[in-house]
Amino acid sequence: MIRNIHDIKIERRYFNSIKEDRKTWELRYNDRDYHAGDYLLLREVEFGKYTGNMIIVMVMMIQFDYKDVLKDGWIIMSIEKVDDISVDSFLKFFTDNVVL
């Protein structure tokens with residue numbers, strides 16, 4: 001199964017919560033066709049500018065069937081942080097091992 005890496009911006013307060021394992025979900029508009037098994041390259045932003053901080057998480061599960069709570073097109077992703085690997089090392093591994 002080929003997995004995707006989605007490069008997305010995330011506000012500092014949410015970035016830190018994920019980094020500190022206090023936030024294990026992400027609410028997003030599904031404009032990128034997210035799937036369980038995809039990776040999110042989260043790039044921290046503050047005041048609309050990139051800080052240079054990044055973290056990688058894996059999408060474990062997607063919830064989209066809460067029509068009474070979520071507006072059309074919105075999803076909740078259960079995420080798990082990819083530990084002990086640099087972003088550069090991860091991207092190199094992914095590029096070297098996935099045939100597109």
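1. In this predicted model, W74 has a relative accessible area of 34% and is therefore partly exposed, since that class covers values between 20% and 50%. Y29, at 42% relative accessibility, also counts as partly exposed.

2. The structure holds 1 aromatic pair, and Y29 and W74 are the residues that form it, with the ring centres 5.7 Å apart and an angle of 70 degrees between the planes, an arrangement described as edge-to-face. The pair links distant parts of the chain, given that Y29 belongs to strand β2 (residues 25–29) and W74 to strand β5 (residues 74–81), 45 residues apart.

3. Another ring to inspect is that of W25, where K23 lies over the face at 4.6 Å from the ring centre.

4. The largest nonpolar core has 14 residues, and the members that touch the most others within it are I18, Y34, L40, L42 and M77. Two or more residues of this core come from each of β1 (5–11), α1 (12–19), β3 (39–46), β4 (49–63) and β5, with β4 giving the largest share, namely 4 residues.

5. I18 deserves a separate look: leaving aside residues up to four places away in sequence, I18 touches I10, L42, I55, V57 and I79, and also K23, E26 and K81.

Conventions:
Residues numbered from 1 in each chain as written. Predicted model: local features only at pLDDT ≥ 70, side-chain atom pairs only at ≥ 80, totals over all residues. Heavy atoms only, no water. Phe/Tyr/Trp six-rings, centres within 6.5 Å; stacked < 30°, edge-to-face > 60°. Buried < 20%, exposed > 50% of the residue type's maximum accessible area, 1.4 Å probe, protein only. Lys NZ or Arg CZ within 6 Å of the ring centre and 35° of its normal. Core = buried A, V, L, I, M, F, W, Y, C linked by side-chain atoms within 4.5 Å. Contact = heavy atoms within 4.5 Å.
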